Amino acid sequence: MFGYIFILISSLPLLVFIFSLMSHRHYKVLIRPLSISVFIWLVFFGIAFGMNIDYLRKYQFPILPNHTEIFIMGGVIFSLAFIIFLVSIITSLVQRTPFRKMLHLLFNLFGVFGFIFLHLMMVFLFILPAGEKADYIEILKRAHKAFEKMPSIEEQPIAAAIVESQQHCYSSKSSSCRDSNYENLVVVKNFSKQNLKVNIEVQFYDRNDQLMQTTSVDHMSLQAGAEAPLLTKETKKNNSMWKSWSSSTDHRVAYIKYRYQYSEQ
């Protein structure tokens, strides 16, 4: 939720610039709305960057998304820029636009789209992650509250709780959301006063008591009194820390069952 709100707010300067561009053509008239847009954008970008620094310090979340996500986003933006350039060249050739005029049009076109592409890149690298991290931290806080209500038993030092089972999409009524899986997060807590190494298996059940999936993690290190998300090696490799989930299922998880083995580190 925070991620979508941050995107909408950060897009306001871009909308101001686009509407100004539709109303005015001369660059002298555009300087003022462009300056206002850049100022607002820099302020919001600074806030988002500060949030990312704070999350790095408090939760060890990296500032940037992982390399795979950056590569995909960079590929999308480069592909869009290439398509716009290609269409512009073909259109100019078909209309037999003089070469100097064509260069002038291309310069103006890429000035506008360059600002848009820069905005998209900054949103992906800093603004969207700040919102997603805020959402993820709220989920971890729910886990902390759930563990506070659990009794501490010396013979059973490990506990697990399902704290998230949601479809993470723009609208629950959209077709893309109806077809998407439920992303589930399980958090594990070490109630003991010793550092433990844990092998744990978690089973995910729906409301009809049907087993949907089983996830297991070996050699999970938990410090005394610590809480940590249950994440597989594949999950950690393919996703940023704030978009890492324990499992993905076709239906919402109603409850979990788990078993574990542990040893002192």
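1. In this predicted model, Glu183 has Ser248 of strand 6 as its bridge partner. That pair belongs to the link between strand 2 and strand 6 (residues 247-249), in which three bridges join antiparallel strands.

2. Ala159 has Lys189 of strand 2 as its bridge partner, and Glu164 stands opposite Leu185 of strand 2.

3. Why is strand 1 described as largely enclosed by the rest of the structure? The reason is that seven of its nine residues are buried.

4. Strand 2 also pairs with strand 5 (residues 227-229), again in the antiparallel sense, over three bridges. Within this pairing, Val187 has Pro229 of strand 5 as its bridge partner.

5. Leu230 lies in the loop between strand 5 and helix 7. Is Leu230 buried or exposed? Its relative accessible area is 0%, so Leu230 counts as buried, the limit being under 20%. Leu230 and Val188 are 42 residues apart in sequence, yet their C-alpha atoms are 6.4 Å apart in space. When neighbours within four places in sequence are left aside, the contacts of Leu230 include Val186, Val187 and Val188. Also among them are Ile200, Val202, Val217, Met220, Trp245 and Ser246.

6. With a relative accessible area of 57%, Asp250 is exposed, the limit being over 50%. Which residues does Asp250 touch, not counting those up to four places away in sequence? They are Asn181 and Tyr182. Asp250 and Tyr182 are 68 residues apart along the chain, and their C-alpha atoms are separated by 6.0 Å.

7. Three strands form an open sheet in the order 4-3-7, with antiparallel pairing. Strand 4 and strand 7 (255-264) are the edge strands, each pairing on one side only. On average, neighbouring strands of this sheet are turned by 10° against each other, direction ignored. Strand 3 (residues 196-205) is joined to strand 4 by nine bridges, and these two strands run antiparallel. As one example, Lys197 stands opposite Ser221 of strand 4.

8. The second largest pocket has a volume of about 640 Å³. It is lined by 26 residues, of which Ala228, Pro229, Leu231, Lys236 and Met241 are the closest to its centre. Two or more lining residues come from each of helix 3 (27-59), helix 5 (99-148), strand 4 (211-222), strand 5 and helix 7 (233-238).

9. Which element gives the most to the lining of the second largest pocket? Strand 4 does, with seven residues. Sorted by class, the lining of this pocket has 12 nonpolar, nine polar and five charged residues.

10. Ser37 lies in helix 3, and with a relative accessible area of 1% Ser37 is buried. The C-alpha atoms of Ser37 and Leu12 are separated by 8.0 Å, while the two residues are 25 residues apart along the chain.

11. The whole chain may now be reviewed. How many helices and strands does the protein chain have? There are seven helices and seven strands, and along the sequence they follow the pattern α-α-α-α-α-β-α-β-β-β-β-α-β-β. The chain has 265 residues, and 37% of them count as buried. Among contacts between residues at least 6 apart in sequence, 74% join residues at least 24 apart. The pair Leu230 and Val188, which are in contact and 42 residues apart in sequence, illustrates such a link.

Methods:
Residues are numbered from 1 along each chain as its sequence is written. This is a predicted model: local features need pLDDT of at least 70, side-chain atom pairs count only at pLDDT 80 or more; totals for chains, interfaces and linings use all residues. Side-chain values use heavy atoms; hydrogens and water are left out. Two strands pair if DSSP finds at least two bridges between them. Helices (H or I, at least four residues) and strands (E, at least two) are DSSP runs, numbered from the N terminus. On a 1 Å grid over the protein atoms alone, a cavity is a set of points where a 1.4 Å probe fits but cannot get out, and a pocket is an open set with protein on both sides within 12 Å along at least five of seven lines; lining residues have an atom within 4 Å of a point. Grid points are joined across faces, edges and corners, and a volume is the space filled by probe spheres set on the points. Ala, Val, Leu, Ile, Met, Phe, Trp, Tyr, Cys and Pro count as nonpolar, Asp, Glu, Lys and Arg as charged, and the others, Gly among them, as polar. Axes are lines fitted to C-alpha atoms, for helices over the stretch in contact, and angles run from 0 to 180 degrees between N-to-C directions. Buried means under 20% relative accessible area, exposed over 50%, partly exposed in between (1.4 Å probe, protein chains only). Contact means heavy atoms within 4.5 Å.
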